[in-house]
Amino acid sequence: MLLPFAIELAYRAGEILRAGLQQARHTESKGPTDLVSDIDKASEAMLVAAIRQRFPSHSIVAEEGSNTEGDHYTWVIDPLDGTLNYVHGFPCFSVSIGLLLDGVPYLGVVYDPLRDELFSAERGQGAFCNQQPLRVSTTPSLIQSLLTTGFPYERASLADNNLKEFSRILMHAQDVRRPGSAALDMAYVAAGRFDGYWELGTKAWDLAAGAVLVTEAGGQITGWQGEAWNPFQGRIVATNGQIHAELLQLLKP
Ligand code: IPD
Ligand code: CA
Ligand code: CA
């Protein structure tokens, strides 16, 4: 009942994102490189209203601020992940809907409305893309791996901005991409399209849904020191498991 509801929401939000792409977009700056568009807000308003109506007792954490304190179920929502891509018309963005149970990721749906790819997973039930089961890659070493990462918006004012790690890891991997939607980065690790992903400065709404996808597809998720990861900490490493130790090694200060 929860997963079909989350899937329905993701399709409805995807429709808003697809339609909005055809229109002139109004954007505001949250920081010099951090934007929010009227479409982020429209998608979030729809998602939050639908959750409040169906599950009035549940908690909500949403990127653009529509938060609700409730019971031990928490919906963690990124109404448009990849806003910068979206406003430039670069076709890489998604809607990300995660549900935590007592703070632990329980189900996740990530939808790419342009490719019509819906990634979904529920704890213990496996991960799927458009109903096809997902499995992480079997790539055994970093040098054979295609990796993905991201950089914080405030990178110009942060010494700890992932550039050092990026340049180090780039020399030890087959290649590294920076597509610009963390939720899709995680979905693609689950699908075996990327072998691993790391980032710092991420927020719970970027990764809560993707975490269930990666885990259910047989992957591994930790913090940068190999410690247990939770959605509210800002450093993640998500891999196919086989390259995890090698990637952690390169993330050591
Ligand atoms: C961003 C994207 C990007 C990641 C940033 C996120 P937004 O989310 O996921 O890939 O590198 O850390 O903030 O702002 O487009 O929702
Ligand atoms: Ca995001
Ligand atoms: Ca967003």
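Around the ligand

Guide: Of the 15 residues around ligand 1, the nearest are Asp81, Gly82, Tyr153, Ala182 and Glu199. A residue is near a molecule if one of its heavy atoms lies within 4 Å of it. This is a predicted model: local features need pLDDT of at least 70, side-chain atom pairs count only at pLDDT 80 or more, and totals for chains, interfaces and linings use all residues. Residues are numbered from 1 along each chain as its sequence is written, chains are lettered from A and ligands numbered from 1 in the order in which they are written, and side-chain values use heavy atoms, leaving out hydrogens and water.

Visitor: How many residues of the shell around ligand 1 are charged?

Guide: Sort by type: Asp, Glu, Lys and Arg count as charged; Ala, Val, Leu, Ile, Met, Phe, Trp, Tyr, Cys and Pro as nonpolar; the others, Gly among them, as polar. Here six are charged, five polar and four nonpolar.

Visitor: Which domains does the shell around ligand 1 draw on?

Guide: Domain bounds come from an automatic or database domain assignment. Domain 1 (2-133) and domain 2 (142-251) each give at least three residues.
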